[in-house]
Amino acid sequence: LMCGTPTIDVAEWEASTQHIGAGFTADSPLARWFWSAVRSMTPAEHGSLLHFCTGSARVPATGFANLMGFNGGLHQFTLQRVAGAGLPKAHTCFNTLDLPGGYASEAQLLERLRYAMNNAGGFDEGAVAE
């Protein structure tokens, strides 16, 4: 039995997001590109992106405001601006997406985001402490 809502309300997701990085806010061009790119995705891609970022393809039944982190506590979805123009990187334990700030366009951001979420390898068991 899967818990959580099967459809993703992108507007709720965006409204429940915090932004980290020097001068990075919800009104920054990078953030606006990101959410525009997400809105252009299919519902299946929304689930894939959420899974890439949080480890779950479903939103908690009580909404994005109640995302859980690795320790079982609430942990808000976070976009973190990072240097460079490489692939976005997810920290599922913290519901955080590292979003490179060096993209030349929204199209480039979308292409890199799709590549990252569709080619994620998951956890490397060799990296887990014994």
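Modeller: Happy to! Let me begin with accessibility: a residue is buried under 20% relative accessible area, exposed over 50%, and partly exposed in between (1.4 Å probe, protein chains only). Please keep in mind that this is a predicted model, where local features need pLDDT of at least 70 and side-chain atom pairs count only at pLDDT 80 or more, while totals for chains, interfaces and linings use all residues. Residues are numbered from 1 along each chain as its sequence is written, and side-chain values use heavy atoms, with hydrogens and water left out.

Now the salt bridges. The term stands for a side-chain nitrogen of Lys or Arg within 4 Å of a carboxyl oxygen of Asp or Glu, and by this rule there are three.

One of them joins Glu14 to Arg39, with the closest N and O atoms 3.0 Å apart. Glu14 sits in helix α1 (residues 10-15) and Arg39 in helix α2 (residues 29-40), so this pair links distant parts of the chain, 25 residues apart; helices here are DSSP runs (H or I, at least four residues), numbered from the N terminus. Glu14 is partly exposed at 28% relative accessibility, and Arg39 is partly exposed too, at 48%.

Another salt bridge brings together Arg114 and Glu45, at 2.7 Å from N to O. Arg114 belongs to helix α4 (residues 106-118) and Glu45 to helix α3 (residues 43-54), so the pair ties together parts 69 residues apart in sequence. Here Glu45 is buried, at 17%, whereas Arg114 is partly exposed, at 27%.

Then there is Arg112 with Glu111, at 3.5 Å from N to O. Arg112 has a relative accessible area of 22% and Glu111 one of 42%.

Arg114 also takes part in the packing of α4 on α2. The axes of these two helices come within 9 Å and cross at roughly 60°; axes are lines fitted to C-alpha atoms over the stretch in contact, and angles run from 0 to 180 degrees between N-to-C directions. The pair α2 and α4 is therefore oblique, the class left after under 35 degrees (roughly parallel), over 145 (roughly antiparallel) and 65 to 115 (roughly perpendicular).

Which residues of α2 and α4 make the contact? With contact meaning heavy atoms within 4.5 Å, α2 brings Leu30, Trp33, Phe34, Ser36, Ala37 and Ser40, and α4 brings Glu106, Leu109, Leu110, Leu113 and Arg114.
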